[in-house]
Amino acid sequence: MKAQKQNIILDSINYLKIFLPLHKEFNTFKHIGQAISDPLKVSYISQGKINGIKENTGVKIGNRPTDEQRNKYFTATSIEKLLKKLFVINTSEESATMYDVVNKIDDYLRQNIEYKYFITDDVSGFYHNEPENYNGSCMAGKPKRYFELYDHINKIDNDVTVKIVGFKTQDLTIARGLLWCKTYKLNQEGKTNKVYFLDRIYVHSKLQNASFSKLQFELFQTIRKHYRLDKLDVFNKGQIESYLVSKYGDMPKFSYKTDKKYCSFCVDVSGYEDLDSYPYMDTLKYIDDSDLLNVEQEDAIIILDQTNGEYTSKECTCDECGYTFDEDDLQYSEIDNQDLCSDCREYIDERDEYVNSMNALYNEYTGYFHYSGDIR
Ligand SMILES: [Zn+2]
């Protein structure tokens, strides 16, 4: 299988030799093939490096380098970058020919990767170690402390766990998402029922066009099988169902297996205020004043929608008394330059605006308030 893949890469390079001038160092690139560490890339080794390794370590890279040697000594790169090193591109026609081959090889690599299911409880460690900008997720590679909330949720006694699930090939993550689980205690004897929610699934950027929905569907199916679930709530319900319709036609036999596209339970996050930083979250991102994290915006006092470790607060303080209120319960007074609660403000009819009630004078005769600055 592997030998065949490498032949397709070499065959394509040989085909390009007919159309494109060779770079003067063309012949120094040896053993071009699919990269071991990242199967979406190609790898090679230069003749100079082969000589150097032999001289310094005694290791001989022969005609058929082992996977271990490929992994250890070879340089992994995109097929585009490699072809630009092998050939001299002068005209737009040559460039077009080269990019045809780039696309062909990229497609081939994409369609032939093998990947395995993985699951981990170390959510903060996983996110922190992810390479940035490879799957469109704004949280990849951010500081570990940004993700403490997940560890906190797994640690406290709230009957909820959150894990990362996905597909990997070697060290490369192909697809991943959060899997939430809530355990309901059904009776005193300890019988329980577990409810799952598969949150938004992110796919490696190189695979987004080719197999985005396919990977989402496969992950969904894997979770269902792994946990023996008949139905599963899944954020990407829409994509998964349209994938099935496009593949199987109108009555996809799986479509009814997706239930809701949102999480049906809340998550107790008591004590979250003590954390230093907070993650950006896709669906479960609203925290209410009972310390419940949920998908409803209604009673939210905090929204986890910031990518810099902070959060958006819906709570505001009155600039006069200092108490906290819902944003909607405060009014801004332009003349006093303060946000004021209903106790600390007065409406001045003749000005058509609110002022600090300390600055409002009542006229017993007319029954109207005036602004103190307006009275001589
Ligand atoms: Zn007030």
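Q: How many bridges join strand β6 to strand β7?
A: Quick ground rules: this is a predicted model, so local features need pLDDT of at least 70, side-chain atom pairs count only at pLDDT 80 or more, and totals for chains, interfaces and linings use all residues. Numbering starts from 1 along each chain as its sequence is written. Strands (E, at least two residues) and helices (H or I, at least four) are DSSP runs numbered from the N terminus, and two strands pair if DSSP finds at least two bridges between them. β6 (residues 172-185) and β7 (residues 192-198) run antiparallel, and the number of bridges joining them is seven.

Q: Which residue in the turn of the β6 and β7 hairpin has a positive phi?
A: Tyr 184 stands opposite Asn 193 in β7. Six residues sit between the two strands of the hairpin. A positive phi of about 90° turns up in that turn at Gly 190.

Q: Which residue in β9 is the bridge partner of Phe 197?
A: β7 is also joined to β9 (residues 233-234), by two bridges, and here the strands run parallel. In β9, Phe 197 is partnered by Asp 233.

Q: Why does Lys 84 count as partly exposed?
A: Lys 84 lies in helix α4 (residues 79-86). It counts as partly exposed because its number of C-beta neighbours inside 10 Å is 16.

Q: What angle does the direction of α4 make with that of β2?
A: The open sheet has the order β1-β2-β3 with antiparallel pairing, and three bridges join β2 (residues 42-46) to β3. α4 packs on this sheet, touching β1, β2 and β3, where contact means C-beta atoms, placed from the backbone, within 7 Å. Axes are lines fitted to C-alpha atoms, for helices over the stretch in contact, with angles from 0 to 180 degrees between N-to-C directions. For α4 and β2 the angle is about 35°.

Q: What distance separates the centres of domain 1 and domain 3?
A: Bounds come from an automatic or database domain assignment, giving domain 1 (2-111), domain 2 (116-256) and domain 3 (324-374). Taken over C-alpha atoms, the centres of domain 1 and domain 3 are separated by 74 Å.

Methods: A residue is buried if 20 or more other C-beta atoms lie within 10 Å of its own, exposed if 12 or fewer, and partly exposed in between; C-beta atoms are placed from the backbone. Two residues are in contact if their C-beta atoms, placed from the backbone, lie within 7 Å.
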